[in-house]
Amino acid sequence: MRSAIIGLVFGAWLLQQQAKLPSLPLFVFLSVVLVTLVTLVWRKRWTRARLFFLTAAGCCFGFLWATLFAHFYLSTELPKEWEGRDVTIIGTVDSLPSHFERGVRFNFVIEQALPVDGIVPVLPKIAALSWYSAFSAEELQRVGAVQAGERWQLTVRLRRPHGNANPYGFDYERWLLEKNVRATGYVRPDQRLELKNQRVTNFVPTFGHTVERSRGWLRERIQHALEGQPYAGVIVALVMGDQRAISQSDWTIFNKTGISHLVSISGLHITMIAALVAELVLVLWRRSFFTNLQLPLLLPAQKAAAIAGALSAFIYVLLAGSGVPAQRTLCMLLVVALAMWFGRLANVSHVLCLALAAVVIMDPWAVLAPGFWLSFGAVAVILYASVGRAQSGGQMKKPHWRIVLEAAIRTQYAVTLALVPLTILMFAQASLISPVANAIAIPLVSFLVTPLSLIGSVLPMPLGGWCLWLAHFLIAQLAWLLGWLSELSWSVWLAPVPAWWMFVLAVIGTIWLLAPRGWPLRYIGLFFWLPLVLHAPERPRDGEMWVTAFDVGQGMALLIETERHRLLYDTGPAYSPESDGGNRVVLPYLKARGIHRLNGVVVTHSDTDHSGGALSIFKEIDVGWTTTSLSGDHPVVMQAPAHRPCVAGQSWDWDGVRFEMLHPTQAIHDSDRWKPNARSCVLKITRGQQSLLLPGDIEAAQESELVRNFGSDLRADVLLAPHHGSGTSSTWPFLRSVDPQFALFQVGYRNRYRHPKQEIYDRYGEQGVTRLRNDVSGAISVRFGTSVTVTEYRKEHARYWYGR
């Protein structure tokens with residue numbers, strides 16, 4: 001069974017790596033293979049190869065099962081002709097609404113679409129909607145009152161699922177597919193509509209709506225009791241798994257100290273609650289709840305306790321939003337409860353594998369989530385390092401508390417060591433202070449903060465408020481300590497994401513290191529770690545230059561690399577007060593590549609689609625110097641390391657590559673009449689006979705000035721389209737002077753400015769320029785070597801859900 005389940009997981013993972021879903025002939029062929037393998041195993045043919053047949057059958061089943069899921073979830077698509085059109089729909093709020101500064105977000109189950117010009121739109125079942133509140137006071141009140149389970153009539157503007165596609169970045173399109181959300185959009189304001197946005201029914205009674213409404217009730221109680229407190233979001237996360245209110249700065253500390261798994265409803269918390277409830281029911285059942293009912297004669301106390309523990313775990317997991325660690329724990333507890341009910345001893349490895357199979361069958365995309373591998377990996381390590389290990393004779397003479405403490409230390413050591421290769425592979429970092437932080441945080445959060453938070457969320461006030469305040473006080477003290485630990489210079493080991501073979505060698509070495517006592521030469525396992533430890537960041541060779549144009553949506557951010565230097569040109573847009581192109585796109589890429597220093601940063605001008613990520617980058621990574629066209633009182637300038645204005649005539653050489661600033665002039669800096677776009681820092685980078693021109697957001701007047709001042713010296717092999725291809729830029733004289741081979745358009749999918757303008761885009765085509773768009777290609781990589789080569793992330797890393 002275990003080999004078949006491992007094959008199942010591999011098969012599901014293999015399907016998620018495909019650029020296209022299997023064709024019908026391939027699906028039929030694999031089905032025949034699966035039936036043949038199952039028949040051979042059932043009839044006990046080829047018994048020596050039985051293990052191989054079981055694994056192969058599991059792999060085929062996992063691949064086919066994931067294929068069926070993908071086809072089913074992709075069967076309802078928003079037609080392209082309905083993108084960007086106003087549609088009035090009636091449906092229910094299907095998720096816990098997430099409030100943010102400008103409005104609210106929620107998933108909406110579409111029950112009915114009203115006709116548009118006599119045509120009934122064909123819409124998917126579920127859409128993710130945003131409702132912005134910056135309209136009338138009446139609409140502002142309605143936006144804040146949205147609750148799960150309500151039926152609404154809304155006029156919305158939808159688009160197909162689309163997310164930024166960057167190496168080492170979050171795959172938003174895959175995440176939407178996993179949630180079966182096949183459209184995103186926003187609610188249109190009332191004053192522009194014939195049909196008013198209005199609530200139709202206060203509550204539509206279904207099981208899911210009841211769960212989400214209960215979660216909302218708990219969240220409101222906690223937020224009201226802890227109003228204005230900095231760690232109220234952590235308490236909410238511990239009670240009901242909603243982590244959206246935790247600030248980015250707190251997440252940084254939790255990740256650096258390796259305790260982020262505790263700031264949620266983790267497997268440890270669910271197990272603890274289930275055990276406490278089971279123990280309580282066991283004691284009370286044996287005493288018949290202090291009555292004369294003689295309940296143990298009707299049902300053994302152990303079976304009653306098993307039911308109570310499993311039921312409490314199920315309720316807690318529903319409150320948690322059913323994340324992968326919660327699903328894994330629930331499945332394991334259910335298997336144990338069933339084993340106790342039927343009086344069968346459950347092998348722990350069988351329990352783990354059954355939970356593994358249940359999670360993958362319910363959600364085949366779970367195999368792509370870091371939490372899946374970290375959750376099951378941690379449990380597997382605990383079992384490997386503890387179950388079946390013989391105890392020495394001296395161990396039995398020790399006090400019980402010492403035996404428990406030593407076992408806990410050994411377990412923490414094993415988990416910490418074993419998960420290092422996995423965390424390096426997935427996050428390009430591993431916390432070195434994690435053992436100390438977890439030794440403090442695990443007992444505090446699991447045995448004090450979490451029970452107090454749960455009790456406080458359901459007790460009547462003011463008792464509930466007192467419990468919540470005490471839980472918040474403990475979390476605040478823990479956060480202070482973790483913040484101090486995270487500031488230590490050696491708190492985190494940063495390393496480039498390793499190649500697959502380095503990771504495999506490190507896993508083999510870890511298994512060898514954690515082998516039982518008596519295993520020969522256990523220290524040899526350290527040598528298997530050497531490739532992972534000594535892995536150096538990839539960089540251009542002597543004389544080469546690499547350019548990465550990130551997919552940041554409607555904004556601009558490019559990384560230029562020479563052999564020993566790196567320059568960031570613009571920092572991406574600001575998405576929200578806590579989310580921007582810097583911390584969502586640029587920094588994850590730099591960390592995954594093992595880049596911990598930028599020699600220079602250019603912020604072309606003050607528009608937030610260019611400067612929005614600068615502060616996040618300054619905060620998280622070492623920067624040598626910064627050059628901008630911003631005013632002296634701008635927040636970016638005030639926090640920029642070694643700031644200097646960008647002025648035409650500045651130049652420098654890095655590793656044989658020439659950097660020249662062509663614009664703006666000092667006169668433009670000194671004048672107040674120029675808009676931010678006209679002040680954009682224009683940079684030309686030349687490597688031998690090859691060159692790249694980065695003009696920021698300059699428009700026709702500045703292009704004309706550049707042509708007049710530089711003429712044919714503007715020629716470049718690669719041109720970043722000025723102002724994202726707007727109608728006020730990319731004039732014919734400028735394009736003829738630059739005469740590029742490739743043009744990069746950094747634009748967002750269906751952006752509100754409609755960049756690039758069609759006539760401008762066609763203008764590049766008429767000149768024979770190869771046009772590349774981030775909204776189509778994802779991140780674009782340009783390498784200057786013996787020739788100029790271009791790769792597109794969505795093609796190099798193609799997945800079947802892209803563009804669907």
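Reader: How many residues does the largest nonpolar core have, and which of them have the most contacts inside it?

Author: In soluble globular proteins, nonpolar side chains tend to be buried together. A nonpolar core here is a set of buried Ala, Val, Leu, Ile, Met, Phe, Trp, Tyr and Cys residues joined through side-chain atoms within 4.5 Å; buried means under 20% relative accessible area, exposed over 50%, and partly exposed in between (1.4 Å probe, protein chains only). In this predicted model, the largest such core has 50 residues, and Val234, Ile235, Phe254, Ile259, Val449 and Ile475 have the most contacts inside it. Two or more residues each come from helix 6 (207-225), helix 7 (232-240), helix 8 (248-257), helix 9 (267-286), helix 11 (301-320), helix 12 (324-342), helix 16 (434-458) and helix 17 (463-486). Helix 17 gives the largest share, 10 residues. Helices (H or I, at least four residues) and strands (E, at least two) are DSSP runs numbered from the N terminus.

Reader: On what conventions do these values rest?

Author: Residues are numbered from 1 along each chain as its sequence is written, and side-chain values use heavy atoms, with hydrogens and water left out. As the model is predicted, local features need pLDDT of at least 70 and side-chain atom pairs count only at pLDDT 80 or more, while totals for chains, interfaces and linings use all residues.

Reader: Which residue does a cis peptide bond join to Met461, and where does that residue lie?

Author: The bond from Met461 to Pro462 is cis, with omega near 10 degrees. Pro462 belongs to the loop between helix 16 and helix 17. A cis bond also joins His663 and Pro664, where omega is about 10 degrees; Pro664 sits in the loop between strand 19 (657-663) and helix 24 (666-670).

Reader: How many aromatic pairs does the count give?

Author: A pair of aromatic rings is described by the distance of the centres and the angle of the planes. Rings of Phe, Tyr and Trp (its six-membered ring) pair if their centres lie within 6.5 Å; planes under 30 degrees apart count as stacked, over 60 as edge-to-face and the rest as tilted. By this rule there are 28 aromatic pairs. Phe72 and Tyr73 make a tilted pair, with ring centres 5.9 Å apart and planes at 55 degrees. Phe72 is exposed at 57% relative accessibility, and Tyr73 is buried at 16%. Tyr168 and Tyr589 also form a tilted pair, at 6.0 Å centre to centre and 50 degrees between the planes. Tyr168 is in the loop between strand 5 (151-159) and helix 5 (172-178) and Tyr589 is in helix 20 (residues 581-593), so this pair ties together parts 421 residues apart in sequence.

Reader: Are Tyr168 and Tyr589 buried or exposed, or partly exposed?

Author: Tyr168 is partly exposed, with a relative accessible area of 45%, whereas Tyr589 is buried at 8%. As for groups of rings, Phe61, Trp65, Phe69, Phe72, Tyr73 and Trp365 form one aromatic cluster.

Reader: Over which ring does the charged end of Arg771 sit?

Author: A charge sits over a ring if NZ of Lys or CZ of Arg is within 6 Å of the ring centre and within 35 degrees of the ring normal. The charged end of Arg771 is placed over the ring of Tyr761, 4.2 Å from its centre. Arg773 also has its charged end over the ring of Tyr761, at 5.3 Å from the centre.

Reader: How many salt bridges does the count give?

Author: Side chains of opposite charge can pair when their charged atoms come close. A salt bridge is a side-chain nitrogen of Lys or Arg within 4 Å of a carboxyl oxygen of Asp or Glu, and this rule gives 19 of them. Arg174 bridges to Glu178, with the closest N and O atoms 2.7 Å apart. Both residues lie in helix 5, four residues apart, about one turn of the helix, and both Arg174 and Glu178 are buried. Arg597 and Asp622 meet at 2.7 Å, N to O. Arg597 lies in strand 15 (residues 597-603) and Asp622 in strand 16 (residues 622-628), so the pair ties together parts 25 residues apart in sequence. Arg597 is partly exposed at 38%, as is Asp622 at 41%.

Reader: Where does Asp117 lie, and what is its phi?

Author: Asp117 lies in the loop between strand 3 (103-113) and strand 4 (126-132). Its phi is positive, about 55 degrees, although Asp117 is not a glycine.
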